[in-house]
Amino acid sequence: MNFQETRNNFRKKQVSAKELTEESLKKAKEKSELNAFISHFEEYALERASNIDANFDEFKDKPLGGIPIAHKDIFCTDGKKTTCASKMLENFIPPYESTVTKNCNDAGSIMIGKTNMDEFAMGSSNETSFFGPVKNPWGQSLVPGGSSGGSAACVAADITTISTGTDTGGSIRQPAALCGITGLKPTYGLVSRWGMIAFCSSMDQAGPLARDAFACSALLNAMASYDEKDSTCSKRESIDYEKGLNKDFGKLKIGILKGIENLGISEEVLNAYESSKKILEQLGHSFVELDFTELSSGICSYYVIAPAECSSNLSRFDGVKYGHRSEAKNISELYLKTRAEGFGDEVQKRILIGSYVLSAGFYDAYYRKAQKVRRMIKSKFDEFFKDVDLVFLPTTLDQAFEMNRESTDPNRMYKEDLLTIPANLAGLPAMSLPNGFSKNLPIGAQFVGNYFSEELLLNTAHKMQEVTDWHKMTP
Amino acid sequence: MAQNDTLVNGWQPVIGLEIHVQLQTNTKLFSPAKNQFGEEANTLVDLIDMGLPGVLPVLNDGAVKQGIAFGLATNAEIAKTMVFDRKNYFYPDLPKGYQITQLHYPIVKNGVVDVEGKQVRIHQAHLEEDAGKSMHDVYDSESVVDLNRSGVPLLEIVSEPDIRSAEEAVKYLKKIHQIITYLDISDGDMSQGSMRCDANVSIMRPDDKEFGIRAEIKNINSFRFVEKAINFEIKRQIKVLESGEKVEQETRLYDSVKDETRSMRTKEFANDYRYFPCPDLVPHEISEDLVKKVKDNLSELPEEKQKRLMETHNLNEYDAGVLCADKSTADFFEEVAKEADAELAAKWIIGDLNALLNKNDISLKESKVNAVNFSKLIQNISNNTISGKIAKDVLDEVWQSGEDVAKIIEGQGMQQISDEGELEKIIDKILAENTSQVEAYKSGKDKLFGFFVGQVMKATQGKANPGLANKLLKNKLG
């Protein structure tokens, strides 16, 4: 059952919030081998569902009224464990609620659990989690993508119809593509970062994951809000994205990349991309070729800026106030042992890189230069959007890959993010949707839009999903 | 460039100060927790001040306004856009593992203050958050942290190396103290740490083209120690250089007990703070409107206040200047002068009251003397209820106990004897008992007049109205 039907049934009282919740909890248990969850809140969820049923009138018209949801374990939840998939926060219970989860609660959803992810959102395969990897519902030996791998797997496995994720370099779009679902990274500043554990503050952005654009629009309606507790949040008039799905934006000019066949994208992904272009053409849209030779420098810029910010953001995990604390004889030993024990390898690696690129004597060569590249990519997009309404790209280079993939190239995993990173560097909204299958595994493609063009993105994806079935496929 | 009167053994000291001022805002720089001193440990702490995961800073506009006010008062440039940076280092009282400060785009740049006719330039003044407080002596085996101070807004005022002697450094520091207290942006209390000072000190030969290697002295927490620490450091550096060695660029701590500076860390062990722009706070624009608003509401500055006191209270320039050196004194004077004679009040504040404060080395606020009571004292002098001499005793009593002036005068029978009949009787008795002196006086020994006055005061325990006593004595002695 998809989100829209589920919500209709709830609104017509054909199904209760309690029944929906029981169903989700049951499926979560059945599919526990996916390891999609870090925490389950069975008792809490059932109680809340009963409460919603008892106050049906209050909840029936809310965008997420009566709908079970799973939140990425990066959002702080008041009185409920929030781990960020790290040993460092294995037993951390925040005394405050993130704006995203609060907004979702206010919209009537029922949190059934917190989903697994790469540790501190650092990873593209969900293998860096302290709580073990998440398995892809399409193939248990395959990765679901990351870092929002648990959230994507949860929706792909039909445990919930909607889930939340965060996207710093592709962490919503890439797992959505590898799991065959739809995911949107909003414009930086549309969704509040308050209570969302920071990885790279200047790029982190929360967004919805669901089967289709319709559900994403309903979830985004709930998630997006101006929040004075986040100084990087934009003050804008709120838009009803669900309503926007029925708008007619006319024939669009869609940007495509010149020389895309030379980027190392797999044949399967390129084939799916080409067929999607045909569908877009049939919908009346036209294409403009864009010269984006700077694309690949985006990765270099990202893997300087993101570690730099993370090295600073993760300094607070020092064993003094909360979280993991090692036995130590003095303060420096406390820092060293706590952080060596509490953080996994990938996180430590990025902290080291980040500390290095910010250090005296290297700042100009790395951090400053990376910021320059970032500005260049941003202005490149500004230029593109003078001519086109959207940019259309594959989301990933390839389909879901095997866990524990061996590689002689230490940067192999980072290169996975080639096509998703530019939107994060520029702060632009981007949305991935399923656009094909090969070897019985899903493939995704993405639209990148101009700032705050979520309505157009969702509308375009929705129109495409009205004439395709890729998003309806289940493992 | 060198001024010869500041040379020490032929060496020219070159000094710059970094002054940290705690701003008096209602809440902290980036959190809604209260900004207050002296509360129970860890009671003024918000999620943000604890550096919990996922929490974000929101800039306090009040602190921005106070920073602008300081810029306006020092004829500085106010930034159109200011940027906050992160200064990264590990310390238990720094919950986030970084301090939010301003490095390249501070709120205030290129100011100047007049220190007794000499212009000392201010390189910049920037906003930053204070750290918490580590305490090592509360428990035997453990150190603890109080986060009440964590996130308290600071304005760090960095001077150019324009200062040439320890004495001048203290004068500059006092000038900054005067400005911030007049602007009412800080209480400037060095003993409570709301004003703290680091000094950069180097020495050079007067004809050298470049400054010498400097040492930074930290932890100087009183005006007196600033002078002592700098003087010690100048002598130390002279010794080092004259013995053929080199001054090391380092951070030194001033130990007020031993009156010496000690090496804390040398350059090679200096922290690499890995500054970068804080991504949680977008570059902050300061509108011309806001600057104008602050300007329109700017508190009266010392020079303005001095001028006004001269005009409205008919004070001379010197007296007005002394009163205005310290804002609390000037405010005290104005309060006293509401009811009492202004010139007399000024005379008593500058004279006897200041003497008591200096002797006891405390501030007006810390003393038991309040303006209303002091005003009563002056009024009692003006209307001849007590003599000046008795007034000194009353002031001593007020200083000791803080007791109401009227009660002291009444309780101890200190009222002046201004009754002509009563005083005449006393004088008659004295003249009768000292006939030989009366005769001597009458035969031309004018100097003896003082003797009779003294006798009257002695007989009345100083309570005789001096004017009346003089008049009566003159009449009677012919």
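In which sense do strand 6 and strand 7 of chain B pair, and over how many bridges? Strand 6 (residues 108-115) and strand 7 (residues 118-129) of chain B pair in the antiparallel sense over seven bridges.

## Basis

The model is predicted: local features need pLDDT of at least 70, side-chain atom pairs count only at pLDDT 80 or more, and totals for chains, interfaces and linings use all residues. Residues are numbered from 1 along each chain as its sequence is written, while chains are lettered from A and ligands numbered from 1 in the order in which they are written.

## Sheet of chain B

Chain B has an open sheet of nine strands in the order 2-6-7-10-1-11-12-13-14, with mixed pairing. Strands are DSSP runs of E with at least two residues, helices are runs of H or I with at least four, and both are numbered from the N terminus; two strands pair if DSSP finds at least two bridges between them. Strand 2 (77-78) and strand 14 (260-266) of chain B each have a single partner strand, so one side of each is left without a neighbour in the sheet.

B:V108 has B:A125 in strand 7 of chain B as its bridge partner. Helix 2 (residues 61-73) of chain B packs on this sheet and touches strand 2, strand 6, strand 7 and strand 10 (153-159) of chain B. The direction of helix 2 makes about 175 degrees with that of strand 7 of chain B; angles run from 0 to 180 degrees between N-to-C directions, and axes are lines fitted to C-alpha atoms, for helices over the stretch in contact.

## Sheet of chain A

In chain A, 11 strands form an open sheet in the order 1-3-2-4-6-5-10-11-9-7-8, with mixed pairing. Strand 1 (37-40) and strand 8 (286-290) of chain A are the edge strands. The twist averages 30 degrees from one strand to the next.

Strand 7 (residues 253-257) and strand 8 of chain A pair in the parallel sense over five bridges, and A:L257 stands opposite A:L290 in strand 8.

## Helix packing in chain A

Helix 8 (residues 213-223) and helix 17 (residues 454-466) of chain A pack at about 155 degrees, with their axes 8 Å apart. They are therefore roughly antiparallel to each other (angles over 145 degrees). Residues in contact (C-beta atoms, placed from the backbone, within 7 Å) include A:F214 and A:L220 of helix 8 and A:L458 and A:H462 of helix 17.

## Contact between the chains

The contact takes 33 residues from chain A and 25 residues from chain B. On the side of chain A that touches chain B, helix 11 of chain A gives the largest share, three residues.

Terms used
Two residues are in contact if their C-beta atoms, placed from the backbone, lie within 7 Å. Angles under 35 degrees count as roughly parallel, over 145 as roughly antiparallel, 65 to 115 as roughly perpendicular and the rest as oblique.
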